Amino acid sequence: MPTKLKTIIVGTDNSGRAQTAVDYAADFAEAVGAALRIVTVHRTMPVGYSFTPYTLFPMPGESDDANAVDAHLSYLKPVAERLHGRGLDVQVRVVTGDPATVVVNSAVELGADLIVIGDRGLRGFRGLFGSVARAVIRESKVPVLVVPTCDCPMRSLSLPPGWSSPRAD
């Protein structure tokens, strides 16, 4: 008998590439009747650094972490409302820290049965997977589904044998 997925978490850096993973996670959650938790990370810039590769959302004139969190939420709110309009149980979370660690810890804290993450973020191609995706795969005890975020067509979502959509019942 297949495992019932109750909660799916998706990590996003709020980029167009990551939106592909969010959309795939939403379709998957809808197909299996699971709740969807969208997590994004605000990485604070260490003192003395003028650039960090983990700046996940462009925030001109950002003066403090509260402004950064507000900017993340202003991006995620319409995404969550759109998915909620499809009948999904959606919540968003903005956490400060290391992206991979936050996604893995959030999955544990939220009791997620599956993590969905894009294969690459804002930094683009660095091998088969980006550094955050590699770290999530390495650190997570929760199964991880990696979604290709290239501009290539993706196959439609189909459920494994033995699974059925609760929406079809």
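Predicted model: local features only at pLDDT ≥ 70, side-chain atom pairs only at ≥ 80, totals over all residues.
Let me begin with helix 4, residues 131-139, whose buried residues are Ala133, Ala135 and Val136. Buried here means under 20% relative accessible area, while exposed means over 50% and partly exposed lies in between, with a 1.4 Å probe and protein chains only. Looking down the axis of helix 4, we find these buried residues within an arc of 165 degrees, so they line one face of the helix; the arc is taken from the directions that run from the helix axis to the C-beta atoms. The cover over the buried residues of helix 4 includes helix 3, strand 4 (114-118) and strand 5 (144-147), where a contact means heavy atoms within 4.5 Å.

Residues are numbered from 1 along each chain as its sequence is written, and side-chain values use heavy atoms, with hydrogens and water left out.

Now the overall layout. The protein has 4 helices and 5 strands, and from the N terminus on these elements follow the order β-α-β-α-β-α-β-α-β. Helices (H or I, at least four residues) and strands (E, at least two) are DSSP runs, numbered from the N terminus. Of the 169 residues in the protein, 40% are buried. If we take the contacts between residues at least 6 apart in sequence, 74% of them join residues at least 24 apart.

Let me turn to strand 1. How many of the residues of strand 1 are buried? The count is 6 of 6, and both faces are covered, with Thr7, Ile9 and Gly11 buried on one side and Ile8, Val10 and Thr12 buried on the other. As one example, Thr7 has Ala35 of strand 2 as its bridge partner.

Next, the interior. A nonpolar core is a set of buried Ala, Val, Leu, Ile, Met, Phe, Trp, Tyr and Cys residues joined through side-chain atoms within 4.5 Å. The largest has 24 residues, and those with the most contacts inside it are Ile8, Val10, Leu36, Ile38, Leu83, Val90 and Val116. Strand 1, helix 1, strand 2, helix 2, strand 3 and strand 4 each supply at least two residues of this core, and helix 1 gives the most, with 8 residues. Apart from this core lies another, of 15 residues, among them Ile9, Val39, Val41 and Ala112. Leaving aside residues up to four places away in sequence, Val116 touches Ile8, Ile9, Val10, Gly11, Ala21, Ala25, Leu145 and Val147.

Finally, the charged pairs. Side chains of opposite charge can pair when their charged atoms come close. With a salt bridge defined as a side-chain nitrogen of Lys or Arg within 4 Å of a carboxyl oxygen of Asp or Glu, the count comes to 5 salt bridges.

Asp23 forms one with Arg82, the closest N and O atoms being 3.3 Å apart. This pair links distant parts of the chain, since Asp23 is in helix 1 and Arg82 is in helix 2 (residues 65-85), 59 residues apart. Asp23, at 28% relative accessibility, counts as partly exposed, and Arg82, at 41%, counts as partly exposed too.

Asp89 and Arg37 meet in a salt bridge at 3.2 Å, N to O. Asp89 lies in the loop between helix 2 and strand 3 (90-96) and Arg37 in strand 2 (residues 35-42), so this pair ties together parts that are 52 residues apart in sequence. Asp89 is partly exposed at 41%, whereas Arg37 is buried at 12%.

How values were computed
Pairing = 2+ DSSP bridges.
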